[in-house]
Amino acid sequence: ALAPFLQDPGLPFANVLTEEQVEEAFRAEGVSFGQSEDAVYTPAVTLWAFLSQMLYTDQHRACAAAVKRAAVFYSTLGREISENTGAYCRARAKLPEAVLRRLALDAGRRLEDSAPPDWLWCGRHVKLVDGTCITAPDTDANRKVYPLPPSQKPGLGFPMLRLVVVISLATAALCALAFGPYEGEETGESSLLRRVLDSFQPGEILLADRIYCAYFLLALAGQRQVDWVVRLHQARHPDFRRGVCQGIRDLVVTWERPRRPPWMDEATYATIPERMQLREIRIQVDEPGFRTDEIVVVTSLLDAERYPMQAVAELYHYRWYVELDIRAIKQFTAMDHLRCKNPAMIHRELWVHWLAYNLIRKSIAQAAMVHGRAPRRLSYTGAQQTLAASWDRLTTAGGDQRLALAQTQLRMIAQHVVPDRPGRVEPRAIKSVPSHFPRLTEPRPQARRKLYRHWALR
């Protein structure tokens with residue numbers, strides 16, 4: 001199932017996710033469907049077809065297209081199968097969400113653990129955090145779990161999910177994911193991040209925007225021996241006249257513990273320190289096109305000699321990478337609008353999206369290692385296109401031929417270098433606006449009845 005993602009043991013990062021690890025994950029969850037000799041959609045083939053859907057867009061992502069790819073695969077083995085999508089859809093529904101989640105997160109964790117020291121920041125692993133929203137088909141089942149945003153009229157909008165992702169700065173791999181409804185109690189980005197704080201390892205650095213600059217969230221991270229670099233929340237007003245001065249626009253200050261929030265129990269509140277020392281750094285933004293002239297960054301990296309102000313400022317500038325990573329999977333792999341009709345399949349589709357994303361990132365890391373490049377300088381879109389172009393061929397190739405094809409893939413991926421364009425300035429506008437159908441302003445059945453009524457009056 002994973003052959004197209006360059007699994008050959010002769011390549012770097014081959015231990016990120018192997019066939020044996022996939023089989024072990026399925027065994028651990030008791031997945032045993034389709035094990036007879038004449039079975040078509042075994043767990044491996046079903047996962048292979050599901051992953052292939054994530055590499056394509058538009059009509060090539062449909063279940064019918066995945067079944068046709070499976071039919072072509074079996075034809076190379078001298079076997080014909082039905083092109084009816086029913087059996088494949090039933091097999092997808094048998095893939096446990098827990099297996100897909102484990103595979104996706106294991107791939108990201110193993111890739112991050114294998115990153116060489118020269119890919120790290122000051123020898124430390126940095127995790128980028130940000131939130132985003134995606135939509136799902138407007139079905140009764142989806143609306144019950146993921147209601148429409150309050151601003152949407154019934155029948156006009158789509159069920160919306162809120163996601164918080166934790167992505168590696170070094171490899172761009174997904175390390176943790178939390179998601180839930182767009183609206184409701186404990187569905188904000190800070191709440192979702194608290195669910196996955198256990199995914200951070202001692203000594204790592206959390207890098208995030210100002211929405212995550214909350215005393216209790218940062219204190220909980222500190223309890224896990226996790227450092228953090230975040231932008232100061234807009235509700236806090238820095239006073240650079242108070243504190244221990246470590247340089248121009250560089251202070252060590254003390255924050256007092258606020259009152260216990262409703263979501264925190266008293267036992268947890270008692271473990272939160274009453275005071276917290278942190279470092280405030282004022283950064284001047286001199287590049288045209290930026291929306292602010294200066295920002296204030298707060299961090300637990302108090303040692304100004306080991307972590308100079310300019311180094312911390314540069315690190316915060318890297319936070320923008322997570323925006324590009326989210327854009328890559330939402331736009332280039334079309335995760336911005338999911339396709340499945342019920343929440344259970346929505347969850348499976350979401351995890352397979354991220355599994356494919358992490359495996360593409362693994363292929364990029366392999367190309368970077370072999371060809372002496374930084375993984376962040378290689379194009380995600382170029383890697384996805386390369387893998388999709390050779391998907392069927394790598395699946396059926398064997399032995400030396402597969403290794404030769406994999407090496408060709410790595411060379412092609414390494415050729416897609418993202419240009420280094422520091423200080424690039426672009427207006428937030430486009431030259432032309434594509435034509436659109438008029439926006440639907442009433443439920444579709446109601447609009448359809450009007451069309452029938454208009455036709456009957458002619």
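Which residues are linked with Arg109 in a network of salt bridges? Asp106 and Asp113 are the residues joined to Arg109 in this network.

## Model and confidence

The structure is a predicted model. Its mean pLDDT is 87, and 92% of the residues reach 70 or more. Among the elements of the protein, strand 4 (residues 205-208) has the highest mean pLDDT, at 97. Helix 14 (residues 391-396) has the lowest, with a mean of 76. Where pLDDT is low, the predicted coordinates should not be read in detail.

## Salt bridges within helices

The structure holds 18 salt bridges. In one of them, the side chain of aspartate 113 meets that of arginine 109 at 3.9 Å, N to O. Aspartate 113 and arginine 109 are four residues apart in helix 5 (residues 97-113), so about one helical turn separates them. Aspartate 113 is exposed, with a relative accessible area of 53%, whereas arginine 109 is partly exposed, at 39%.

Another salt bridge joins the side chains of arginine 27 and glutamate 24, at 3.0 Å from N to O. These two residues lie three residues apart in helix 1 (residues 19-28), which puts about one helical turn between arginine 27 and glutamate 24. Arginine 27 counts as exposed at 52% relative accessibility; glutamate 24, at 41%, counts as partly exposed.

Glutamate 186 forms a salt bridge with arginine 194, and the closest N and O atoms are 2.5 Å apart. Arginine 194 has a relative accessible area of 19% and is therefore buried, the cut-off being under 20%. Glutamate 186 is partly exposed, with a relative accessible area of 33%.

## Nonpolar cores

The largest nonpolar core has 103 residues. Those with the most contacts inside this core are Leu51, Leu163, Leu177, Val229, Leu350 and Trp354. Helix 12 (residues 343-371) gives the most to the core, contributing 15 residues. A second, separate core has 36 residues, including Ala176, Ala178, Ala221 and Met264.

Which residues does tryptophan 354 touch, not counting those up to four places away in sequence? The contacts of tryptophan 354 are with Ala104, Leu163, Val165, Leu174, Leu177, Ile329 and Met335.

## Alanine 406

Alanine 406 is placed in helix 15 (residues 399-415). Its relative accessible area is 3%, so alanine 406 is buried. The C-alpha atom of alanine 406 is separated by 9.8 Å from that of alanine 367, a residue 39 residues apart from alanine 406 along the chain.

Key. Residues are numbered from 1 along each chain as its sequence is written. This is a predicted model: local features need pLDDT of at least 70, side-chain atom pairs count only at pLDDT 80 or more; totals for chains, interfaces and linings use all residues. Side-chain values use heavy atoms; hydrogens and water are left out. Buried means under 20% relative accessible area, exposed over 50%, partly exposed in between (1.4 Å probe, protein chains only). A nonpolar core is a set of buried Ala, Val, Leu, Ile, Met, Phe, Trp, Tyr and Cys residues joined through side-chain atoms within 4.5 Å. Contact means heavy atoms within 4.5 Å. pLDDT is the predictor's confidence in each residue, from 0 to 100. A salt bridge is a side-chain nitrogen of Lys or Arg within 4 Å of a carboxyl oxygen of Asp or Glu.
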